Structures are given as C-alpha cells and as structure tokens.
Amino acid sequence: MAMNAEKYANGIKIVTIGGGSSYTPELMEGFIKRYHELPVREIWLVDIEEGREKVSIIGDMARRMWRAAGHDVEVHVTLDRREALPGADFVTTQFRVGLLYARIKDERIPLAHGMLGQETNGAGGMFKAFRTIPVIGQIIADMRELCPDAWLINFTNPSGMVTEAAIKHFGWKRTIGLCNIPVISMMKEPALIGRDPSELTWRFAGLNHFHWHKVFDNAGNDLTDEMIEHANDPEGPFPVNIFAAEFPSDLLHSMHLMPCGYHRYYYMADEMLGHCVEDFKENDTRAEHVKEVEDELFALYRNPELDHKPAQLAERGGAYYSDAACECIAAIVNDKHEHMVVSTQNNGALTDLDPTSIVEVSSLISARGAEPICWGPMPTAEKGWLQEMKAMEELTISAALTGDYGTAREAFTINPLVAKNPEAIEVLDQLLLAHEKYLPQFADAIAALKAKGARVTDPVVLQLLAEGK
C-alpha cells in the first residue's frame, strides 16, 4: 500500500518512553529493516534520572546502528518527555517503574511465601500494574497536550491491563497493546508441521498472556489438532524464558485449542510453582537472571565498534519484539489491513466479555488502528477462565487508580495464582511496603501497615531497600 503521503510527507517522528531499555536495539533493528516503508525522520529516547547512563549508552548504540544502515535519522536522548513529545506521530512505551529491582521484589516476596513470583502473572503482575497504570496516565496527559494525534503503541507489561487503563480510563482511543508471545507462535509453528508460513492463517482470542489460538491452512482446513501434537516439542512454539513443563496432550485435544506459553502457570500450577521455588532457594529467580543478562548486554553496548543487535539479546526474552512494534506502526502508516494479534477494545469479538473490555485478539491493523476479528463464544471451560481473569484485571486496574486496599485484596482473592490463605495477605502487605516509593496512591494503606508493625522479611529485598532501590 502507498504511504499516506500528506500525513507523513516530512517523515515520521517516534518517541520511545523507556528508551534506556536493553530492548531498544531490537526496536532500532525493526525500524531499519522497514525503512523502505517506514521513513523515520527522528527518534527520541526518553528515560528517567535513574536511567541516565543506560539511555546515553543506548542512544550512542542507536546512532551507530543507523549510520551503519546508511540512513540519516536523528536520534535524540532526553530525561524530559515533554521535550520529546511535541509533534510525535507514534509514542512507544517499554518502561519499567522501579527498574529490574522492582521485578526482583515482585518475584521474591511471593516465592518466600510459597506463591508464584512472576512479573505479569499472580501477585507480582498485579503490583507491576499498580506501579505502571498511574504513569501511563501521566504520559497520556502530556500526549493530549503535546501530540494529540499520536498513536500510543504500548509494550509495557502487563500489556493488557495497561492498554485497558489507557483506552477505558484515560480515554486515549489511539492505543494498541502489543506482546511478542503470539508472534513467537506464528514464527515457530509452521516448521513444526512442515509448512511454509504463507500456507497458514491463525486466529487468536483471549487476554494478554492468557490467549488461545487455532491454526488453518489457506483452504480453511483446521490444523489445530495437528499442531497440538507438537506443543511439547523441544523447539516448540513457546517463549524460551518459561520453564517447559509439558502440556497434557489429552487436555489440549479436548479443547481443540493451542494454549499460550503462560498457560503453563495455570494448567500445571503445582509443577511450575515447584520449579520457581527451587530456583528461589538457589537465589536464581528469573528476575535476578535477567538482571545479569542486562548487565552483560550493556557491557556490549558500550563498545564503540558495535553497530548491530548482539545475539545475546535473545536471552533477554524479547524475541521478535521489533516485529510486533515496528510492523504495527508500518501497518498504520501504510494502511495495510494486516493481521496482527494485539490488545484492543473487544467490540463484540469475544461474545463472552463486555464490548468495552480490552482483549488480545487477531485484528486487522490499518490507518484506522486495530479492528478485531470476530471469534464468538468460547467453550465452557475457557469461558470460565476468561471471565475470571478479566474480573481480576478490572479489579487490579481499579486498585491501581484508587489506591484502595480492599480492592487490591479482592483482586488478590480472585487471582487463581494467589493462595487463598493468610499468607496471601502477608504477601500483599509486604509488596505494598517494598514498593512504597512507587505507590503514592496507597499512602494511607501503607501508613496503616507500618502503624501495626508490618515489615518486609526477605533479606534480598531488605538489602535493596537499604540501598534505596
């Protein structure tokens, strides 16, 4: 499709919030690969004071990548997003409130009490939403003033909840939420059944990190059960950063649906929890491993000769990130009507959820944004799961916006990955105390906890707090 010549005649301005992320070279690679259809004029990498050194390193790395590609693109670095936003065409978000230290707290505190510690699922995922949703609201307030026509392309986790807050609560309808998990499935699955990607079509439906999908050939034949036979293959269609507990084949065939890799945490909860607890006992949580990988990546990025994405970035867990973010932008710019799996407003695509809910579904991406493809009703079990998880998401968003302790506790109660015992309240209270710096909306609840003597007990988290992290 021809690019909208008038709207983007002077090139495209991209602003990336969280520009100091180790993922940013992946994003630059995606833009470079698509420069023929996505003529970027300037890129602004925005971060906060604590990320000053990293965003400076990433800025230099990005400039080297663009020079090596032979394109004259300006790369700016700033700690002031209001300096970056005026006139932006697209704002991409990939930030982490509290840095990776917050993820370490999100994982270690639940695991210390025998519950899953994971950055987008269970207690940790809810607390990531508590920290992140107010910030996305602040970003949107600035966008409304400085770049009112910009698209917000959100990659910040938990992507579905952040996207729902952006669209439903902050009113930014030009928001699309992205995740690399569906992309991984569509990239890996054809080879599993000896097919070329051009021979297959997919339909996804569900929520972010909680979707299912079906696979068809171009004649409309359903190949889902054939694909299910390969769900547990060593080179299977799931992210490499999730422990590969085997999916029960009979369960998947009964569903006639391919699961999301994150469904392991729900379908095989005890096995996944046991694996995470063993890692925790060795002080080897996923968060601490990712911190080590990130430190190694920045050591590489400092090399003034490096002008391409290093292979080690794949260990960070963001495979095909750029293909999701950059292809979405290219599809909007060029009015492609391209199939992508995104978080967007339901609008009847999933009949088991409210039309205003944000869902992760197959959609056609064009200059109008995301138009979800109708899936219809889910089978009974998946319908039940879906409605429970959406209720949990809505409660989490409400707690993030209001700082209400009772709502947070209700969200904990309905989440299937949070235990239903007094330990759960201990986890809630300790996470509130551990993240006090980033949860001003919960100030009254945190003051009440301190008054009754509540305290953090995990030694690693206590050390981080002592260091002001």
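**Close-up views of a predicted model**

**View 1. Strand S2, helix H2 and strand S3 build a right-handed β-α-β unit.** Handedness here means that, with the strands pointing away from the viewer, the path from the first strand over the helix to the second runs clockwise. Helices (H or I, at least four residues) and strands (E, at least two) are DSSP runs, numbered from the N terminus. This is a predicted model, in which local features need pLDDT of at least 70 and side-chain atom pairs count only at pLDDT 80 or more, while totals for chains, interfaces and linings use all residues. Residues are numbered from 1 along each chain as its sequence is written, and side-chain values use heavy atoms, with hydrogens and water left out. Helix H2 covers residues 52–69. The strands on its two sides, S2 (residues 40–46) and S3 (residues 74–78), pair in the parallel sense over 5 bridges; pairing requires that DSSP finds at least two bridges between two strands. To find your place in this pairing, look for Ile43, which stands opposite Val75 in S3.

**View 2. Strand S10 pairs with S9 and with S11.** With S9, the sense is antiparallel and there are 8 bridges. Val341 has Ser362 of S10 as its bridge partner. With S11 (residues 369–372), S10 is again antiparallel, over 4 bridges, and Ile365 stands opposite Ala370. A hairpin through 2 residues joins S10 to S11. Strand S10 (residues 358–366) is mostly covered, with 8 of its 9 residues buried. Buried means under 20% relative accessible area, exposed over 50%, and partly exposed in between (1.4 Å probe, protein chains only).

**View 3. The second largest pocket has a volume of about 290 Å³.** Of its 13 lining residues, Val183, Met186, Met187, Glu338 and His339 are the closest to the centre. Helix H7 (181–192), helix H13 (321–333) and strand S9 (338–345) each supply at least two residues of this lining, and S9 gives the most, with 4 residues. By class, the lining has 7 nonpolar, 1 polar and 5 charged residues. Here Ala, Val, Leu, Ile, Met, Phe, Trp, Tyr, Cys and Pro count as nonpolar, Asp, Glu, Lys and Arg as charged, and the others, Gly among them, as polar. On a 1 Å grid over the protein atoms alone, a pocket is an open set of points with protein on both sides within 12 Å along at least five of seven lines, whereas a cavity is a set where a 1.4 Å probe fits but cannot get out; lining residues have an atom within 4 Å of a point. Grid points are joined across faces, edges and corners, and a volume is the space filled by probe spheres set on the points.

**View 4. The largest cavity has a volume of about 110 Å³.** Among its 13 lining residues, the closest to the centre are Thr120, Met161, Asn208, His209 and Glu393. Helix H6 (159–169) and helix H14 (380–402) each supply at least two residues of the lining. The lining divides into 6 nonpolar, 6 polar and 1 charged residue. The model has 3 cavities of 30 Å³ or more by this rule.

**View 5. The second largest cavity holds about 40 Å³ of space.** Its lining includes Thr120, Gly122, Met161, Tyr266 and Asn415. H5 (122–146) and H14 each supply at least two lining residues, and H5 gives the largest share, 3 residues. By class, the lining has 5 nonpolar, 5 polar and no charged residues.

**View 6. Gln118 lies in the loop between helix H4 (99–112) and H5.** This residue is buried, with a relative accessible area of 7%. Leaving aside neighbours within four places in sequence, Gln118 is in contact (heavy atoms within 4.5 Å) with Asp106, Glu107, Gly124, Gly125, Tyr262 and Tyr265.

View 7. Most residues other than glycine have a negative phi, and most peptide bonds are trans. A cis peptide bond, with omega about -5°, joins Asn157 and Pro158; Pro158 sits in the loop between strand S5 (151–154) and H6. Asn283 is not a glycine but has a positive phi of about 55°. Asn283 belongs to the loop between helix H11 (269–281) and helix H12 (286–301) and is partly exposed, with a relative accessible area of 45%. In the loop between H13 and S9 you will find Asp335, whose phi is positive, near 50°. Asp335 is partly exposed, at 29% relative accessible area.
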